[in-house]
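Hi everyone, thanks for making time this morning. I'd like to walk you through a few spots in one model, so let me put it up on the screen.

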Amino acid sequence: MPDAVMLFAAGFGTRMGALTANTPKPLIKVAGKPLLDHALALTDGIPTRVVNAHYLSDQIEAHLAGRDVHVSTEQPEILDTGGGLRFALSTLGTHPVYTLNADAIWNGPNPLHLLRDAWDPTRMDALLLCVPLARAVGRKTGGDFALQPDGQLTRKGDLVYTGAQIIKTDRLADIAKPAFSLNTVWNAQAGAGRLYGLTYPGHWCDVGHPEGIALAEEMLRV
């Protein structure tokens, strides 16, 4: 089972508008607690925890000071999800890792526990946790993937990628440019028949835009 998790918290939060002019999106509060702390609560018990940072990184670093969490600061350029994950491998290690986005709120079972219980490294290079559009609160666009009968993922369906996954990191070394999306890795994994998905049974809220704050707080009250 993975013993390390990467939390993505480096983005500019442009969809948040004025809310992120002086505050990084992961430190925006939902139900009285920063988004980053909601995400970190899901990672209790995982020995190695890494948060990446770029935009207003000093605030992320100060917020995590004194905690058992490593900060992977990306400077001078932001490295996107794939580049950011590769940059942090010296701390994460070379085994499969969890990744988690810091701008989502969950109402249901711990997503990382579900991934852990379904992970099969003999068949999978990545296992992505997805949620149906009907339970993707605050989602403003369509789905990302479709789940096939054998559990493999294909593009263009009604499942939304939640930002939670287990992924093997060996393919990261194949990409020459420093900044790149994990989509590049997923495409290679899908081509090899090793990109799998799992459906989340609860509700998930996208807090990447201002309206998502109230929607997430309402979802948590249910």
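Let's begin with T43, which is buried: its relative accessible area is 0%. Keep in mind as we go that this is a predicted model.

Where does T43 sit? You'll find T43 in the loop that runs between α1 and β4. Its side chain has a polar partner, the side chain of R49, at 3.0 Å. Setting aside residues up to four places away in sequence, T43 touches V5, L7, R49, L100 and L112.

Take L115: beyond its neighbours within four places in sequence, L115 is in contact with Y98, L127, L128, L129, A164, Q165, I166 and L198.

Now over to helix α2, residues 57-64. Which of its residues are buried? They are S57, I60 and L64. Looking down the axis of α2, the buried residues fall within an arc of 60 degrees, so they line one face of the helix. In general, an α-helix has 3.6 residues a turn, so residues three or four places apart point the same way. The face of α2 turned away from the buried side carries D58 and A62, which are exposed.

And what covers those buried residues? The cover includes α1, β4 and β5. Finally, just after α2, G66 takes a positive phi of about 85 degrees.

Methods: Residues numbered from 1 in each chain as written. Predicted model: local features only at pLDDT ≥ 70, side-chain atom pairs only at ≥ 80, totals over all residues. Heavy atoms only, no water. Buried < 20%, exposed > 50% of the residue type's maximum accessible area, 1.4 Å probe, protein only. Helix = DSSP H or I, 4+ residues; strand = E, 2+ residues; numbered from the N terminus. Arc of directions from axis to C-beta. Contact = heavy atoms within 4.5 Å. Polar contact = N/O pair within 3.5 Å; in protein donor to acceptor, adjacent residues only side chain to side chain.
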